Amino acid sequence: MTSRYDDILEGLSEFVDSVVVPLEDKNQDLFDCGRRFYGADGAYSPAVKTLLREVRERAAEAGYYTMLAPEDIGGGGGGAELLYEVWRHLYARYGPGRVLPFASVAHWSYGPSLLCSALTPTAQERMLPDYVKGVTTSCFGMSEPNAGTDAWAMTTTARADGDSWIINGTKQWITNSPEADWVFVWAVTDGELRKQRTGGISCFLVPTSGPGFAVDSVIKLFGQAGGHEGIISFTDVRVPADALVGKLDQGFALALGGVTTGRLYNCGRSVGLSKWALDQAASYAGVRRTFGHPIGDYQGVSFPLADCAIEIYAADTMARDCAARIEAGGPAHHEVAMAKVFATEMCSRVYERCMQVHGGMGLTNEMRLYDGWHQARIIRIADGSGEVLRRNIAKALISGRR
(Lines give C-alpha, C1' and ligand atoms only; values in the text may rest on other atoms or scores of the structure.)
Protein backbone atom coordinates (compact mmCIF):
# COMPACT_ATOMS: atom_id res chain seq x y z
CA MET A 1 0.00 0.00 0.00
CA THR A 2 1.46 3.33 -1.04
CA SER A 3 1.08 6.53 0.95
CA ARG A 4 2.19 10.15 0.82
CA TYR A 5 4.93 9.21 3.28
CA ASP A 6 6.69 6.70 1.04
CA ASP A 7 9.69 8.97 0.43
CA ILE A 8 10.18 9.48 4.18
CA LEU A 9 9.89 5.75 4.87
CA GLU A 10 12.32 4.95 2.08
CA GLY A 11 14.85 7.41 3.48
CA LEU A 12 14.40 6.00 6.96
CA SER A 13 14.96 2.48 5.65
CA GLU A 14 18.14 3.57 3.88
CA PHE A 15 19.41 5.12 7.11
CA VAL A 16 18.68 2.01 9.17
CA ASP A 17 20.11 -0.33 6.54
CA SER A 18 23.31 1.66 6.06
CA VAL A 19 23.98 2.87 9.62
CA VAL A 20 22.06 0.81 12.17
CA VAL A 21 22.12 -2.71 10.76
CA PRO A 22 25.94 -2.74 10.39
CA LEU A 23 26.22 -1.68 14.05
CA GLU A 24 23.85 -4.49 14.98
CA ASP A 25 25.76 -7.05 12.91
CA LYS A 26 29.09 -5.94 14.35
CA ASN A 27 27.83 -6.38 17.91
CA GLN A 28 25.63 -9.43 17.45
CA ASP A 29 27.27 -11.20 20.38
CA LEU A 30 25.62 -8.64 22.69
CA PHE A 31 22.16 -9.31 21.34
CA ASP A 32 22.47 -13.08 21.23
CA CYS A 33 23.28 -13.45 24.92
CA GLY A 34 21.03 -12.12 27.66
CA ARG A 35 23.87 -12.00 30.15
CA ARG A 36 25.80 -9.61 27.91
CA PHE A 37 22.73 -7.67 26.83
CA TYR A 38 21.77 -6.88 30.43
CA GLY A 39 23.97 -5.73 33.29
CA ALA A 40 24.10 -7.17 36.79
CA ASP A 41 21.31 -4.82 37.89
CA GLY A 42 18.99 -6.07 35.14
CA ALA A 43 19.16 -2.86 33.09
CA TYR A 44 20.73 -2.67 29.64
CA SER A 45 24.48 -3.27 29.81
CA PRO A 46 26.80 -0.26 29.30
CA ALA A 47 27.72 -1.55 25.84
CA VAL A 48 24.05 -1.73 24.75
CA LYS A 49 23.36 1.74 26.19
CA THR A 50 26.30 3.11 24.20
CA LEU A 51 25.00 1.57 20.97
CA LEU A 52 21.48 2.87 21.55
CA ARG A 53 22.82 6.35 22.18
CA GLU A 54 24.94 6.21 19.02
CA VAL A 55 21.89 5.26 16.96
CA ARG A 56 19.81 8.05 18.51
CA GLU A 57 22.49 10.67 17.92
CA ARG A 58 23.16 9.63 14.34
CA ALA A 59 19.43 9.46 13.62
CA ALA A 60 19.03 12.96 15.10
CA GLU A 61 21.79 14.25 12.84
CA ALA A 62 20.02 12.68 9.86
CA GLY A 63 16.69 14.24 10.85
CA TYR A 64 14.79 11.04 11.60
CA TYR A 65 14.97 10.87 15.38
CA THR A 66 12.82 13.97 16.00
CA MET A 67 10.61 13.87 12.92
CA LEU A 68 7.55 13.15 15.06
CA ALA A 69 8.42 15.79 17.68
CA PRO A 70 6.69 19.22 17.70
CA GLU A 71 8.09 21.90 15.45
CA ASP A 72 8.26 24.40 18.32
CA ILE A 73 11.06 22.38 19.93
CA GLY A 74 12.91 21.80 16.68
CA GLY A 75 11.19 18.60 15.58
CA GLY A 76 9.65 17.67 12.25
CA GLY A 77 6.08 18.10 13.43
CA GLY A 78 4.93 14.75 12.08
CA GLY A 79 1.32 14.02 13.00
CA ALA A 80 -0.66 10.93 13.91
CA GLU A 81 -0.68 9.52 10.38
CA LEU A 82 3.09 9.67 10.03
CA LEU A 83 3.51 8.25 13.52
CA TYR A 84 1.42 5.23 12.61
CA GLU A 85 3.11 4.76 9.23
CA VAL A 86 6.62 4.99 10.69
CA TRP A 87 6.13 2.40 13.41
CA ARG A 88 4.15 0.06 11.18
CA HIS A 89 6.92 0.27 8.60
CA LEU A 90 9.81 -0.26 11.01
CA TYR A 91 8.27 -3.30 12.69
CA ALA A 92 7.19 -4.83 9.37
CA ARG A 93 10.62 -4.38 7.83
CA TYR A 94 12.90 -5.29 10.74
CA GLY A 95 10.67 -7.56 12.82
CA PRO A 96 11.04 -8.82 16.39
CA GLY A 97 14.16 -9.88 18.24
CA ARG A 98 15.95 -6.59 17.54
CA VAL A 99 16.52 -3.34 19.45
CA LEU A 100 18.69 -0.89 17.54
CA PRO A 101 16.48 -0.20 14.47
CA PHE A 102 13.69 1.08 16.71
CA ALA A 103 15.94 3.65 18.37
CA SER A 104 16.09 5.55 15.07
CA VAL A 105 12.85 7.40 15.81
CA ALA A 106 12.03 8.97 19.18
CA HIS A 107 9.55 6.82 21.09
CA TRP A 108 6.53 8.74 22.37
CA SER A 109 7.25 7.99 26.04
CA TYR A 110 11.03 8.35 26.23
CA GLY A 111 11.96 10.70 23.42
CA PRO A 112 10.94 14.22 22.32
CA SER A 113 7.13 14.44 22.17
CA LEU A 114 4.20 16.80 22.67
CA LEU A 115 4.99 16.89 26.39
CA CYS A 116 8.02 19.04 25.56
CA SER A 117 5.76 21.81 24.25
CA ALA A 118 4.20 22.09 27.71
CA LEU A 119 7.55 22.65 29.46
CA THR A 120 8.34 26.07 30.87
CA PRO A 121 11.01 28.02 28.94
CA THR A 122 13.60 27.46 31.67
CA ALA A 123 12.84 23.73 31.82
CA GLN A 124 13.22 23.57 28.05
CA GLU A 125 16.62 25.22 28.36
CA ARG A 126 17.68 22.60 30.92
CA MET A 127 16.38 19.58 29.08
CA LEU A 128 16.06 20.01 25.35
CA PRO A 129 19.59 20.68 23.99
CA ASP A 130 20.80 17.13 24.69
CA TYR A 131 17.34 15.56 24.56
CA VAL A 132 16.58 16.41 20.93
CA LYS A 133 20.08 15.28 19.95
CA GLY A 134 19.41 11.81 21.36
CA VAL A 135 22.06 12.17 24.06
CA THR A 136 19.51 11.85 26.89
CA THR A 137 16.16 10.06 27.26
CA SER A 138 13.15 10.22 29.56
CA CYS A 139 10.37 8.05 30.94
CA PHE A 140 6.61 8.45 31.50
CA GLY A 141 5.95 8.19 35.25
CA MET A 142 2.21 7.53 35.53
CA SER A 143 1.41 3.99 36.73
CA GLU A 144 1.72 2.97 40.38
CA PRO A 145 1.55 -0.36 42.24
CA ASN A 146 -2.12 0.28 43.13
CA ALA A 147 -2.99 2.78 40.42
CA GLY A 148 -2.48 1.37 36.97
CA THR A 149 -5.60 1.62 34.87
CA ASP A 150 -7.33 3.77 37.50
CA ALA A 151 -4.85 6.64 37.48
CA TRP A 152 -7.08 8.72 39.73
CA ALA A 153 -6.10 6.34 42.54
CA MET A 154 -2.46 7.46 42.47
CA THR A 155 -0.88 8.38 45.80
CA THR A 156 2.36 10.06 44.67
CA THR A 157 2.22 13.65 45.92
CA ALA A 158 3.83 16.97 45.10
CA ARG A 159 3.75 19.55 47.90
CA ALA A 160 4.54 23.23 47.36
CA ASP A 161 7.39 24.48 49.53
CA GLY A 162 8.33 28.07 48.85
CA ASP A 163 9.54 28.30 45.28
CA SER A 164 9.91 24.51 45.02
CA TRP A 165 7.88 21.31 44.89
CA ILE A 166 8.65 18.27 47.03
CA ILE A 167 7.67 14.94 45.47
CA ASN A 168 7.12 11.65 47.30
CA GLY A 169 5.83 8.35 45.99
CA THR A 170 6.44 5.23 43.93
CA LYS A 171 5.81 4.43 40.28
CA GLN A 172 5.75 0.98 38.67
CA TRP A 173 5.92 -0.50 35.15
CA ILE A 174 7.77 2.59 33.94
CA THR A 175 9.29 1.87 30.53
CA ASN A 176 12.88 3.10 30.05
CA SER A 177 13.16 4.13 33.70
CA PRO A 178 16.36 2.09 34.27
CA GLU A 179 18.07 4.18 31.56
CA ALA A 180 16.25 7.54 31.69
CA ASP A 181 17.91 10.87 32.44
CA TRP A 182 14.56 12.59 33.01
CA VAL A 183 11.14 11.51 34.23
CA PHE A 184 7.81 13.14 33.54
CA VAL A 185 6.08 12.28 36.80
CA TRP A 186 2.42 12.73 37.64
CA ALA A 187 1.55 13.55 41.25
CA VAL A 188 -1.40 14.67 43.35
CA THR A 189 -1.29 18.43 43.99
CA ASP A 190 -4.88 18.85 45.25
CA GLY A 191 -6.29 15.89 47.15
CA GLU A 192 -9.89 17.12 47.13
CA LEU A 193 -9.99 17.65 43.38
CA ARG A 194 -8.38 14.26 42.88
CA LYS A 195 -11.06 12.57 45.03
CA GLN A 196 -13.74 14.21 42.89
CA ARG A 197 -11.87 13.03 39.78
CA THR A 198 -12.07 16.50 38.28
CA GLY A 199 -8.42 17.52 38.60
CA GLY A 200 -5.76 17.84 41.25
CA ILE A 201 -3.09 15.87 39.37
CA SER A 202 -0.08 17.69 37.92
CA CYS A 203 2.96 16.74 35.88
CA PHE A 204 6.57 17.61 36.75
CA LEU A 205 9.90 17.21 35.00
CA VAL A 206 12.42 15.55 37.32
CA PRO A 207 16.09 14.74 36.63
CA THR A 208 16.93 11.18 37.62
CA SER A 209 20.38 12.28 38.77
CA GLY A 210 19.04 14.35 41.68
CA PRO A 211 18.87 13.34 45.35
CA GLY A 212 15.86 11.31 46.42
CA PHE A 213 15.22 9.61 43.09
CA ALA A 214 15.88 5.88 42.83
CA VAL A 215 15.33 2.96 40.50
CA ASP A 216 14.27 0.43 43.10
CA SER A 217 14.27 -2.53 40.75
CA VAL A 218 14.18 -3.61 37.13
CA ILE A 219 11.14 -5.67 36.17
CA LYS A 220 12.07 -8.86 34.32
CA LEU A 221 9.61 -10.57 31.97
CA PHE A 222 9.40 -14.05 30.43
CA GLY A 223 12.43 -15.39 32.27
CA GLN A 224 14.79 -12.83 30.77
CA ALA A 225 17.98 -11.76 32.54
CA GLY A 226 16.83 -8.14 32.65
CA GLY A 227 14.21 -5.73 31.42
CA HIS A 228 13.29 -2.29 30.17
CA GLU A 229 10.66 -1.48 32.79
CA GLY A 230 11.28 -0.52 36.38
CA ILE A 231 9.94 0.51 39.76
CA ILE A 232 11.05 4.02 40.66
CA SER A 233 10.64 6.03 43.84
CA PHE A 234 10.75 9.66 44.94
CA THR A 235 11.80 10.49 48.48
CA ASP A 236 11.56 14.21 49.23
CA VAL A 237 12.67 14.99 45.69
CA ARG A 238 12.84 18.77 45.39
CA VAL A 239 12.32 20.47 42.03
CA PRO A 240 11.96 24.18 41.22
CA ALA A 241 8.59 25.75 40.50
CA ASP A 242 9.42 25.89 36.80
CA ALA A 243 9.52 22.08 36.69
CA LEU A 244 5.72 22.09 36.46
CA VAL A 245 4.67 20.77 33.05
CA GLY A 246 1.52 22.39 31.69
CA LYS A 247 -1.10 23.79 34.06
CA LEU A 248 -1.33 23.11 37.78
CA ASP A 249 -3.90 20.43 38.69
CA GLN A 250 -4.59 19.71 35.01
CA GLY A 251 -1.87 17.22 34.24
CA PHE A 252 -4.30 14.38 33.59
CA ALA A 253 -5.11 15.80 30.15
CA LEU A 254 -1.41 15.63 29.26
CA ALA A 255 -1.33 11.99 30.33
CA LEU A 256 -4.40 11.11 28.26
CA GLY A 257 -2.77 12.64 25.21
CA GLY A 258 0.27 10.48 25.79
CA VAL A 259 -1.81 7.34 26.29
CA THR A 260 -3.74 7.96 23.06
CA THR A 261 -0.42 8.32 21.24
CA GLY A 262 0.76 5.11 22.88
CA ARG A 263 -2.30 3.19 21.74
CA LEU A 264 -1.85 4.34 18.15
CA TYR A 265 1.85 3.44 18.37
CA ASN A 266 0.93 -0.05 19.57
CA CYS A 267 -1.48 -0.40 16.65
CA GLY A 268 1.40 0.31 14.28
CA ARG A 269 3.65 -2.02 16.21
CA SER A 270 1.05 -4.81 16.14
CA VAL A 271 0.28 -4.49 12.45
CA GLY A 272 3.98 -4.27 11.55
CA LEU A 273 5.01 -7.23 13.67
CA SER A 274 2.10 -9.26 12.31
CA LYS A 275 2.94 -8.47 8.71
CA TRP A 276 6.55 -9.52 9.31
CA ALA A 277 5.43 -12.83 10.86
CA LEU A 278 2.97 -13.55 8.05
CA ASP A 279 5.65 -12.90 5.44
CA GLN A 280 7.94 -15.41 7.17
CA ALA A 281 5.21 -18.04 7.51
CA ALA A 282 3.91 -17.66 3.95
CA SER A 283 7.43 -18.03 2.58
CA TYR A 284 8.07 -21.09 4.75
CA ALA A 285 4.77 -22.68 3.70
CA GLY A 286 5.89 -22.48 0.08
CA VAL A 287 9.21 -24.28 0.56
CA ARG A 288 8.67 -26.72 3.44
CA ARG A 289 7.48 -30.05 2.05
CA THR A 290 5.76 -32.97 3.72
CA PHE A 291 4.24 -36.07 2.10
CA GLY A 292 5.46 -34.88 -1.28
CA HIS A 293 3.80 -31.44 -1.20
CA PRO A 294 4.56 -27.94 0.09
CA ILE A 295 2.77 -27.56 3.40
CA GLY A 296 0.97 -24.54 1.94
CA ASP A 297 -1.06 -26.97 -0.18
CA TYR A 298 -2.86 -28.15 2.94
CA GLN A 299 -5.82 -26.17 4.24
CA GLY A 300 -4.66 -26.72 7.80
CA VAL A 301 -1.77 -24.39 6.93
CA SER A 302 -3.16 -22.15 4.19
CA PHE A 303 -6.44 -21.20 5.88
CA PRO A 304 -4.77 -19.91 9.08
CA LEU A 305 -2.47 -17.81 6.88
CA ALA A 306 -5.49 -16.40 5.07
CA ASP A 307 -7.05 -15.57 8.45
CA CYS A 308 -3.87 -13.70 9.37
CA ALA A 309 -4.05 -11.62 6.20
CA ILE A 310 -7.72 -10.81 6.78
CA GLU A 311 -7.16 -9.68 10.35
CA ILE A 312 -4.02 -7.67 9.55
CA TYR A 313 -5.91 -5.81 6.84
CA ALA A 314 -8.79 -5.07 9.23
CA ALA A 315 -6.46 -3.82 11.98
CA ASP A 316 -4.48 -1.72 9.52
CA THR A 317 -7.67 -0.13 8.18
CA MET A 318 -8.97 0.65 11.66
CA ALA A 319 -5.68 2.20 12.75
CA ARG A 320 -5.34 4.32 9.61
CA ASP A 321 -8.87 5.63 10.16
CA CYS A 322 -7.99 6.57 13.76
CA ALA A 323 -4.80 8.29 12.66
CA ALA A 324 -6.72 10.29 10.06
CA ARG A 325 -9.31 11.34 12.65
CA ILE A 326 -6.60 12.53 15.05
CA GLU A 327 -4.73 14.28 12.22
CA ALA A 328 -7.92 16.17 11.35
CA GLY A 329 -8.32 17.29 14.96
CA GLY A 330 -11.47 15.30 15.55
CA PRO A 331 -12.40 13.10 18.52
CA ALA A 332 -11.05 9.57 18.30
CA HIS A 333 -10.66 8.44 21.91
CA HIS A 334 -12.99 5.45 21.70
CA GLU A 335 -12.03 4.62 18.12
CA VAL A 336 -8.37 4.40 19.14
CA ALA A 337 -9.38 2.18 22.07
CA MET A 338 -11.24 -0.16 19.71
CA ALA A 339 -8.33 -0.24 17.27
CA LYS A 340 -5.86 -0.94 20.08
CA VAL A 341 -7.93 -3.85 21.39
CA PHE A 342 -8.37 -5.39 17.97
CA ALA A 343 -4.81 -4.84 16.71
CA THR A 344 -3.01 -6.15 19.79
CA GLU A 345 -5.23 -9.23 20.15
CA MET A 346 -4.91 -9.83 16.42
CA CYS A 347 -1.12 -9.76 16.78
CA SER A 348 -1.23 -12.53 19.39
CA ARG A 349 -3.41 -14.68 17.13
CA VAL A 350 -1.12 -14.11 14.15
CA TYR A 351 1.95 -15.20 16.08
CA GLU A 352 0.21 -18.31 17.40
CA ARG A 353 -0.69 -19.31 13.83
CA CYS A 354 2.67 -18.41 12.30
CA MET A 355 4.63 -20.25 14.97
CA GLN A 356 2.41 -23.29 14.39
CA VAL A 357 3.03 -23.15 10.64
CA HIS A 358 6.77 -23.30 11.32
CA GLY A 359 6.35 -26.31 13.60
CA GLY A 360 9.32 -26.88 15.89
CA MET A 361 11.32 -24.22 14.05
CA GLY A 362 8.79 -21.64 15.19
CA LEU A 363 9.94 -22.15 18.76
CA THR A 364 13.62 -21.52 18.08
CA ASN A 365 15.56 -18.34 18.77
CA GLU A 366 16.75 -18.42 15.17
CA MET A 367 13.31 -17.62 13.73
CA ARG A 368 12.74 -14.73 16.18
CA LEU A 369 9.02 -15.49 16.29
CA TYR A 370 9.19 -16.08 20.03
CA ASP A 371 10.10 -12.43 20.64
CA GLY A 372 7.19 -11.21 18.53
CA TRP A 373 4.91 -13.51 20.51
CA HIS A 374 6.28 -12.02 23.75
CA GLN A 375 5.81 -8.47 22.48
CA ALA A 376 2.26 -9.22 21.37
CA ARG A 377 1.43 -10.53 24.83
CA ILE A 378 2.88 -7.45 26.52
CA ILE A 379 1.11 -4.84 24.40
CA ARG A 380 -2.27 -6.43 25.07
CA ILE A 381 -1.83 -4.97 28.57
CA ALA A 382 0.32 -1.86 27.96
CA ASP A 383 -1.53 1.48 27.62
CA GLY A 384 -4.82 -0.06 28.71
CA SER A 385 -5.73 -3.75 28.78
CA GLY A 386 -8.38 -5.11 26.47
CA GLU A 387 -10.73 -5.64 29.40
CA VAL A 388 -10.49 -2.04 30.62
CA LEU A 389 -10.82 -0.61 27.13
CA ARG A 390 -13.89 -2.78 26.50
CA ARG A 391 -15.35 -1.40 29.73
CA ASN A 392 -14.77 2.17 28.54
CA ILE A 393 -16.18 1.47 25.09
CA ALA A 394 -19.26 -0.18 26.58
CA LYS A 395 -19.84 2.74 28.97
CA ALA A 396 -19.76 5.13 26.03
CA LEU A 397 -22.22 3.01 24.08
CA ILE A 398 -24.67 2.62 26.96
CA SER A 399 -24.54 6.31 27.83
CA GLY A 400 -25.25 7.26 24.24
CA ARG A 401 -21.78 8.69 23.49
CA ARG A 402 -21.22 6.96 20.16
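## Arg-197 and its partner

Let's start with Arg-197, which is partly exposed, with a relative accessible area of 43%. Keep in mind that you are looking at a predicted model. Arg-197 forms a salt bridge with Asp-150, and the closest N and O atoms of the two are 2.9 Å apart.

What about the accessibility of Asp-150? Asp-150 is partly exposed too, with a relative accessible area of 34%.

## More salt bridges

How many salt bridges does a search of the whole structure find? The count is 19. One of them joins the side chains of Asp-242 and Arg-126, at 2.9 Å from N to O. Asp-242 has 24% relative accessibility and counts as partly exposed. Arg-126, with 39%, is partly exposed as well.

Next, look at Arg-238 and Asp-161, whose side chains meet in a salt bridge of 2.8 Å, N to O. Arg-238 is partly exposed at 47% relative accessible area, and Asp-161 is partly exposed at 30%. There is also a network of salt bridges, which links Glu-85, Arg-88, Asp-316 and Arg-320.

Gln-356 counts as exposed, because its relative accessibility is 65% and the cut-off for exposed is over 50%.

You can find Ser-45 in the loop between helix H3 (34–37) and helix H4 (46–62). Leaving out residues up to four places away in sequence, Ser-45 touches Arg-36, Phe-37, Tyr-38 and Gly-39. The C-alpha atoms of Ser-45 and Gly-226 are separated by 9.5 Å, even though these residues are 181 residues apart along the chain. Gln-356 is in helix H10 (residues 333–357). Its C-alpha atom is 9.1 Å from that of Ala-281, a residue 75 residues apart from Gln-356 along the chain.

## The whole protein

Now zoom out. The protein has twelve helices and ten strands. Its radius of gyration is 22 Å, close to the 21 Å that the globule rule gives for 402 residues, so the protein is as compact as a globular protein of that length. Taken along the principal axes, the C-alpha atoms fill a box of roughly 80 × 55 × 40 Å.

Of the 402 residues, 53% count as buried. Of the contacts with a separation of 6 or more, 72% are between residues 24 or more positions apart. The accessible surface comes to about 18200 Å², and 53% of that belongs to carbon and sulfur atoms. As for charge, there are 39 positive and 46 negative charges, and their mean positions are 5 Å apart.

Conventions
Residues numbered from 1 in each chain as written. Predicted model: local features only at pLDDT ≥ 70, side-chain atom pairs only at ≥ 80, totals over all residues. Heavy atoms only, no water. Helix = DSSP H or I, 4+ residues; strand = E, 2+ residues; numbered from the N terminus. Rg over C-alpha atoms; globule rule 2.2 N^0.38 Å. Buried < 20%, exposed > 50% of the residue type's maximum accessible area, 1.4 Å probe, protein only. Contact = heavy atoms within 4.5 Å. Areas by Shrake-Rupley, 256 points an atom, 1.4 Å probe, with all protein chains shown as cover. Lys, Arg positive; Asp, Glu negative; His and termini not counted. Charge placed at Lys NZ, Arg CZ, Asp CG, Glu CD. Salt bridge = Lys/Arg side-chain N within 4 Å of Asp/Glu carboxyl O.
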